[in-house]
Amino acid sequence: MSALFLLTATREALAAIWAFQQPAEAVLAQYFQENRRLGSRDRALLSDTVFGMLRRKRLLEFALAQAQPPHTSTAQFHHRLALLGLVWTASAASAPASTHPADALHHTLAQARQLASADDQPWLESIAQALAGLPCQQWPDSTRHNLPDWLASRLQQQYGDAAFQELTAALQQPAPLDVRVNALQGKRAVAQQQLLEHGLESQPTPYSPWGLRLQGKPRLHQTPAFTEGLIEVQDEGSQLLCLLTDARRNETVVDFCAGAGGKTLALGAMMRNTGRLYALDISASRLQALKPRLLRSGLNHVHSMALSHEDDARLQRLWGKVDRVLVDAPCSGMGTLRRHPDLAWRQTEAGLAALQNTQQRVLASAARLLKPGGVLVYATCSLLHAENQAIADGWEQAQRAQPGAFQPLPLEPIWHKHKISGLLANPTAPHQLQLLPHQHGTDGFFAAAWQKPA
Ligand SMILES: C[S@@+](CC[C@H](N)C(=O)[O-])C[C@H]1O[C@@H](n2cnc3c(N)ncnc32)[C@H](O)[C@@H]1O
């Protein structure tokens with residue numbers, strides 16, 4: 001693809017993505033479908049560029065705000081953004097990972113000026129000059145955290161300044177690719193060897209006994225390990241959430257918000273394809289996507305049920321009958337910004353409040369399913385207290401006065417049972433877990449577990 005064609009394609013894709021109305025992934029998929037001239041390498045480059053730019057959105061926008069003359073139309077802004085973004089991606093590919101973002105920006109501007117047309121020289125030069133006179137310590141904080149202000153201020157307050165810096169730096173790095181080895185089909189070492197035979201190197205993940213971590217973007221879907229159900233793509237953090245349900249053979253287990261069943265598959269393997277596993281969700285189309293995955297996995301004890309809402313009357317027949325329930329609640333997904341950086345820009349505080357409402361309702365409804373002695377796990381892929389501790393603690397307190405109230409279930413014995421070390425117990429809430437990208441190398445996840453008295 002010529003440089004001009006690539007610039008045009010990036011500008012066109014950005015025009016749709018920077019509106020933040022739809023997931024960036026979906027916009028790109030549609031763009032690729034409508035532009036079949038783009039080969040697989042062009043697609044990969046375009047995708048890397050767009051996601052790299054989303055991770056540095058505020059830094060790039062800050063740079064463009066220095067431009068003289070300023071842009072006079074949205075199309076011109078997208079052109080400038082595309083040009084900077086493309087050069088940024090090309091420079092980042094050859095620079096060490098430790099390069100300071102300010103240095104990367106200076107380098108990008110210098111490179112862009114070498115490559116750009118005469119029309120683009122004045123505004124590029126004006127940015128370079130403006131930034132040269134402004135030490136990066138004086139650049140706004142937003143150029144470092146690259147998040148919307150409302151989100152940055154919540155995270156900073158929650159985690160404290162030092163951890164906030166580390167967290168936001170980690171969120172700007174692309175995530176590795178984790179897979180879960182399906183214990184029903186084989187051992188982790190066998191999967192690792194099979195992947196190696198297809199030229200794919202992997203390392204056991206630090207915590208999950210089923211995890212393998214691969215770097216880059218290997219084409220897994222054509223490998224026999226994938227097509228024959230030995231591996232499934234799943235972040236190590238997700239694997240750990242399943243693990244702490246401690247689901248066992250011959251039990252009745254419910255995956256309340258099963259979606260396309262990433263966690264259902266892990267729970268089914270823990271149950272060794274015995275007992276009954278219910279995959280529930282309000283989205284029939286997501287549950288539909290579970291079917292081919294079930295076929296590959298070898299599981300045949302899973303019953304999918306599309307609910308009309310979390311209090312669907314059909315749930316009544318399960319009330320008080322279930323051993324373990326996992327509530328993988330709908331959430332903002334802020335723990336997954338390494339993979340979906342656009343989510344930060346598609347979420348609002350009002351949206352968050354609506355999600356909290358759903359989380360409370362789903363948790364209350366799911367709790368009704370448990371039998372005495374049953375275990376309830378509430379989980380999100382969020383970093384926000386509002387969706388995590390606030391929901392878990394709020395529910396726990398609300399039901400505390402009722403007869404047969406659930407009790408917090410410390411997680412330490414579960415880690416011990418599965419020989420997992422390094423996940424420090426939370427001293428004030430030993431039944432809760434917060435996984436963080438900068439600490440654990442996983443996406444950001446939260447979980448809390450309780451047990452109904454026997
Ligand atoms: C975090 S996603 C689940 C991801 C899935 N567990 C996995 O591991 O792939 C949350 C799911 O909750 C579902 N959901 C949203 N509102 C719900 C409700 N009121 N009752 C049940 N499920 C709901 C969504 O359709 C979505 O699939």
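The structure is a predicted model; local features need pLDDT of at least 70, side-chain atom pairs count only at pLDDT 80 or more, and totals for chains, interfaces and linings use all residues. Residues are numbered from 1 along each chain as its sequence is written. The chain has a mean pLDDT of 95, where pLDDT is the predictor's confidence in each residue, from 0 to 100. A value of 70 or more is reached by 100% of the residues. The ipTM is 0.99 and the pTM is 0.96.

The domain assignment gives domain 1 (3-146), domain 2 (177-233) and domain 3 (236-451). These bounds come from an automatic or database domain assignment. Taken over C-alpha atoms, the centres of domain 1 and domain 2 are separated by 34 Å.

Four strands form an open sheet in the order E2-E3-E1-E4, with antiparallel pairing. Helices (H or I, at least four residues) and strands (E, at least two) are DSSP runs, numbered from the N terminus. Two strands pair if DSSP finds at least two bridges between them. The edges are held by strand E2 (203-204) and strand E4 (231-233). Each has a single partner strand, so one side of each is left without a neighbour in the sheet. Strand E1 (residues 177-181) pairs with strand E3 (residues 211-214) in the antiparallel sense, over 4 bridges. Within this pairing, Val179 has Leu212 of E3 as its bridge partner. Helix H11 (residues 188-197) packs on the sheet and touches E1, E2, E3 and E4. The directions of H11 and E3 make an angle of about 25°. Axes are lines fitted to C-alpha atoms, for helices over the stretch in contact, and angles run from 0 to 180 degrees between N-to-C directions.

The UniProt annotation "binding site", from an unreviewed entry, covers Asp281, Asp311 and Asp328. UniProt positions are given in the numbering used here, feature names are shortened, and annotations may be inferred rather than shown by experiment. Asp281 lies in strand E6 (residues 276-281). Asp281 counts as buried because it has 23 C-beta neighbours inside 10 Å. The cut-offs are 20 or more other C-beta atoms within 10 Å for buried, 12 or fewer for exposed, and partly exposed in between, with C-beta atoms placed from the backbone. Residues up to four places away in sequence aside, Asp281 touches Cys257, Ala258, Gly259, Arg286, Leu287, Ala306 and Leu307. Contact requires C-beta atoms, placed from the backbone, to lie within 7 Å.

Asp328 is placed in strand E8 (residues 322-328). Asp328 also counts as buried, with 25 C-beta neighbours inside 10 Å.

Cys381 sits in the loop between strand E9 (370-380) and helix H18 (389-400). Cys381 is buried, as 26 other C-beta atoms lie within 10 Å. Neighbours within four places in sequence aside, its contacts are Cys331, Gly333, Gly335, Thr336, Asp443, Gly444 and Phe445.

Gly404 falls in the loop between H18 and strand E10 (407-408). Gly404 is exposed, with 11 other C-beta atoms within 10 Å. Its contacts, beyond residues up to four places away in sequence, are Lys452 and Pro453. Gly404 and Pro453 are 49 residues apart along the chain, and their C-alpha atoms are separated by 6.2 Å.

Note on methods: Two residues are in contact if their C-beta atoms, placed from the backbone, lie within 7 Å.
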